[in-house]
Amino acid sequence: MQDTHDPMTLKPVSSAGAVPFSVQNAVLATLPEAEFALLRPHLKAVSLKRNEILQDALRYPDAAYFIESGVVSRMVRTARDGLVEVAVVGKFGFVGVSLVLGTMQTIQRSVVCVPGNALRIEASAFRDILQQSPATREHLLKYVQLLIALNAQIALCNARHEIPQRVARWILLAQDRIGKDRVPVTHGMIASALGVRRPGVSKALSDFEAGGIIEGSRGAIRIRDMAGLRREACECEKILKDRFRVFRDMPYHHHRVM
């Protein structure tokens, strides 16, 4: 993925005459109203473009992003092997855990792989709110704990499972986060995320398509047989999805922002 975008180039979605909309991000939607009210004035809707770098490794983040739609890859890099994905962030998570932990400097790169939208909050305002509200920090730390488990599970998956299993797992997790059967992603993007060569990914997708499980088109994959794709995936797909049950099972509030 290319370093072609700067976080400061993100454009607000809202415009003059915009009306309030309901928050879709699970971390924010499960936050009680008293705590969410502290964040509301500082949240700005922004669009996320493919290959946009929201935060870079070993840098001090200028903002946190609560993902409303789309998919963000958390990547680690080595000089020899390049970037490899260690976690997928969507509407069940946010980018900016270093701000919650108080460590400030990020350790992973966060790159948009499926375009969408997010609610952005400046780092300074976010830090102030977390200092004022231990309840808000405690709620956000639930996601941080899940992210640690996610990193570990994906590391195991990358080490132990075959490319077709990992490709199926990646598509299913992306689908879960965007909530649609059509996943706007290319063979090259999946290969980059998994840290494997593109021909291996293309072979797996070709086999899935031949089996009627998916349908490929330019720049997208449509899932035709969800159950069939799950059979092709390793057990990590179910384990990773179940990790987020803590947020799925919490009461959801109809928070609204501009």
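Helix 6 (163–178) and helix 7 (187–194) are roughly perpendicular to each other, because angles of 65 to 115 degrees count as roughly perpendicular, while those under 35 count as roughly parallel, over 145 as roughly antiparallel and the rest as oblique. This is a predicted model, in which local features need pLDDT of at least 70 and side-chain atom pairs count only at pLDDT 80 or more, while totals for chains, interfaces and linings use all residues. Residues are numbered from 1 along each chain as its sequence is written, and side-chain values use heavy atoms, with hydrogens and water left out. Helices (H or I, at least four residues) and strands (E, at least two) are DSSP runs, numbered from the N terminus.

**Helix 6 and its partners**

- Two packed helices are described by the angle between their axes and the distance between the axes.
- Helix 6 packs against helix 7 at an angle of about 105°, and their axes are 11 Å apart; axes are lines fitted to C-alpha atoms, for helices over the stretch in contact, and angles run from 0 to 180 degrees between N-to-C directions.
- Arg166, Val167, Arg169, Trp170 and Ile171 of helix 6 make this contact with Ile190, Ala193 and Leu194 of helix 7, where contact means heavy atoms within 4.5 Å.
- The residues of the contact between helix 6 and helix 7 divide into 6 nonpolar, no polar and 2 charged (Ala, Val, Leu, Ile, Met, Phe, Trp, Tyr, Cys and Pro count as nonpolar, Asp, Glu, Lys and Arg as charged, and the others, Gly among them, as polar).
- The axes of helix 6 and helix 8 (198–210) come within 9 Å and cross at roughly 75°, which makes helix 6 roughly perpendicular to helix 8.
- In helix 6, Ile163, Pro164, Val167, Ala168 and Ile171 meet Gly200, Val201, Ala204, Leu205 and Phe208 in helix 8.
- By class, the contact of helix 6 with helix 8 has 9 nonpolar, 1 polar and no charged residues.

- Met189, Ile190, Ala191, Ala193 and Leu194 are the buried residues of helix 7 (buried means under 20% relative accessible area, exposed over 50%, partly exposed in between, with a 1.4 Å probe and protein chains only).
- The elements that cover the buried residues of helix 7 include helix 6, helix 8 and strand 10 (220–223).
- Ala123, Ala125, Phe126, Ile129 and Leu130 are buried in helix 4 (residues 123–132).
- These residues lie on the same side of helix 4, because they cover an arc of only 160° around the axis; the arc is that of the directions from the helix axis to the C-beta atoms.
- Gln131 and Gln132 are exposed on the other side of helix 4.
- Among the elements covering the buried residues of helix 4 are helix 2 (33–39), helix 3 (97–101) and helix 5 (134–160).

**Single residues**

- Arg109 lies in strand 7 and counts as buried at 6% relative accessibility.
- The side chains of Arg109 and Asp56 are joined by a polar contact of 2.7 Å (a pair of N or O atoms within 3.5 Å; within protein, one must be able to donate a hydrogen and the other to accept it, and residues adjacent in sequence count only if both atoms are side-chain atoms).
- Leu58, in the loop between strand 3 and strand 4 (63–78), counts as exposed at 60% relative accessibility.
- Leu58 has a positive phi of about 60° although it is not a glycine.
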